[in-house]
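This briefing concerns the packing of a predicted model. Please view the sequence and structure below before reading the points that follow.

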Amino acid sequence: MGAPRWILHLDMDAFFAAVEQRDKPALRGLPVLIGHDGPRGVVATASYEARPYGCHSAQPMSIAKRRCPQAVVLPVDGQRYREVSQQMFAILDEFSPVVEPLSIDEAFLDLTGTQRSLGEPAEVARRLKDRIQSELKLTASIGLAPNKFLAKMGSDMNKPDGLVIINPQDIDRVLLPLPVSRLWGIGRVSAAHLEEMGIRTVGDLRQLSIERLQRYFGSDAERYYNLSRGIDERPVVPDQEAKSIGHEQTFPADLGDADDVRRVLFDQVQQVAYRLRKHGMMAKGVSVKIRFGDFQTISRSTTLHAATDLTTELWQAAREMFDRWPFQPVRLIGVTAERLNTGGESLELFPDPDRARQRKLDQLADHINEKFGKQTIRRGGADRTHGQR
Amino acid sequence: MKVICDRGALLESLNLVGGVVAARTPKPALQCVKITAAEAQLTLAGTDTEVALRLTSPRVDVQEPGEALVPAEKLRQIVSESQDPTLTIETEGDVTHVVAADSKFKVFGQPVGDFPPIPEIKGEADFEVPAGELHRIIAMTLFATARENSRYAINGVLIERDSNKLTVVATDGHRLAMAKGSCKAKKGEARNAIVPSKALNLLLRLFSDAEQVVMVQIAENQIHFSTEAAVLTSNLVEGNFPPYKDVIPKDGDKKATLATDVFISGVRRAALLTNEESKGVRMAFGKSGLVLSSRAPEMGEAEVRVELADYSGDELEIGFNPGYLLDALKVVDANDVLLEMKAANKPGVLRSGSNFLYVVMPVNLQ
């Protein structure tokens, strides 16, 4: 089976509520409920402060408010959460080439075979938590285990801000005492049915022969047989729909100087280009999104002559789009590399010596940044007046 | 002006001139065809200021000479939709009447003076070549031109003439097509020109008779192709054509001979399971034959076996963009092609006889 697998499951803690509490300091320490505050409203997220009162997600808002009348109720700010989610996935992308998003705030990462480039999986998991904390000012819970099922279980075992590592030799110790309802796919009905037969824990379930399981579960028997032994071969499937890599940023206040905005945009381009190269992708298109202080939002895209992963070519395209707009104070700026392919382009008949030089420069910058930390070196010259070299 | 025209012949001429006339332009005169009736001849001319075409429409009866500027597409539609075998075209000032047995069209044109002058040929031609030969070497290369490229002048086709030899080359930076032909020199000095693909696409449609002689003159910044009935003039593409001779490999030591139609069929089938993200087809060459394989994420995989008529050299796995191979195989008119290769990251060369050569860069296989 080759090297042992290491799968990481990351789940942000009370994501929507945590974003609101981060952005609105007055809410910190208070019970917060996110969701529509109406007769049919449902709680999307309850902050940890609200949970002791019996509030939880998917609960009717009316019940949650009855249990915790002092809770602050906020509507779902989907766009804001998606922005933060993008930033989170941008971080995840740096930690593994294989990231499977499960939802806006949850993902699997395959760390198998990344020891050489990234370090020991346990160390990587700690670094990932630190990065999320320092860069997003949010906490995540992580499970690290030999497969998806155990990793997801691990991330749930010590919430919030948890890190649970399940080594192969720990599997039985962790798994056997768990109630069967914790197994993926065993709902309340099946659990009740099993309990009637005296089967409460995963350990009990493991005693059953495959034949008996087949009698109870039919075609699902094999899956339960395997899960009760901590076996789950499902691969981490990267998001096939992810056809773009982007980065955007909302400023706390409008940015009134065009060069300041250009500098931010240039940083974003460098990060996007780095992620492209890291994933072995080339972009055929670039788009730039600008939201002005008056909340007018524009988005412009352009097609490149040839697919590229070079910082300088992506920057040129992004800068031209930005400069085409008469400048006014900017609230949000973002850049996205689009129409990606995995470099299935034919090689060049007449290689451009300048492109070769740029490629070397990018490789060098990537190498230094990987070795000494992100953005140890950056390119200068985002200002319009100085041109770009 | 008053002229009676054979509708079929006029439509054919208008279709050709319509290929030059600019579709979108702020100058109304450039959307027009200039019709001139003189000395029992009707001449149609159109230009987009880069390329100009002037041709004589046959089977006309000029009753009153004159000239007019008529919106080209509208006139073409009228002639195309009419039913009669003949049409009468009459002008008074800028207004043109197209009259048939059961219909009468009045079309507002533009002042004749607004039409840009169509360049005239001065002096002697550089060479002459049979239309069939010119058609062959252009059709074998034109498809390989680049649509947009900022670095080299490769948005056109390079035509090189050295004494009685013609060489035509086109490339888009990833593949290069070269065809050779012969001509009859009229001047001593060798000359080269890079001709925009629009002009050559039009040129290909112009010839109906392979034996017809085409006179070619290369001027400072223009090229003229002329026959008895037509003159096509084009501005040349400025700039340098890349050093194409340097990239034609001579050291391909793995040589496969394939039946053209079998190769086409194999590549087409393998191409079915490629997509935007994975354009390459993997080709494994060996003594036992060629195995083509492809994979498109979320779609599936293909494996196609193709017999080789002959293979010499070590086994090789190399990836190619199937579209690039098919483009060239489609213009080959021989039963067999020879493919020479060196390594997975080196260009392949497709040959058919001594007059056609196609260099194609491989795709990186992952």
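In helix 2 (residues 72–81) of chain B, the buried residues are B:Ala72, B:Leu75, B:Ile78 and B:Val79, where buried means under 20% relative accessible area (1.4 Å probe, protein chains only). Viewed down the axis of helix 2 of chain B, the buried residues lie within an arc of 130 degrees, so they line one face of the helix; the arc is that of the directions from the helix axis to the C-beta atoms.

**Cover of helix 2**
- The cover over the buried residues of helix 2 of chain B includes helix 1 (7–18), strand 2 (32–38) and strand 6 (66–71) of chain B.
- Strand 7 (86–92), strand 8 (95–99) and strand 9 (104–108) of chain B are also included in this cover.

**Chain B overall**
- Chain B contains six helices and 27 strands; these are DSSP runs, with helices (H or I) of at least four residues and strands (E) of at least two, numbered from the N terminus.
- Of the 366 residues in chain B, 52% are buried.

**Basis**
- Residues are numbered from 1 along each chain as its sequence is written, and chains are lettered from A and ligands numbered from 1 in the order in which they are written.
- In this predicted model, local features need pLDDT of at least 70, side-chain atom pairs count only at pLDDT 80 or more, and totals for chains, interfaces and linings use all residues, while side-chain values use heavy atoms, leaving out hydrogens and water.

Notes
Buried < 20%, exposed > 50% of the residue type's maximum accessible area, 1.4 Å probe, protein only. Contact = heavy atoms within 4.5 Å.
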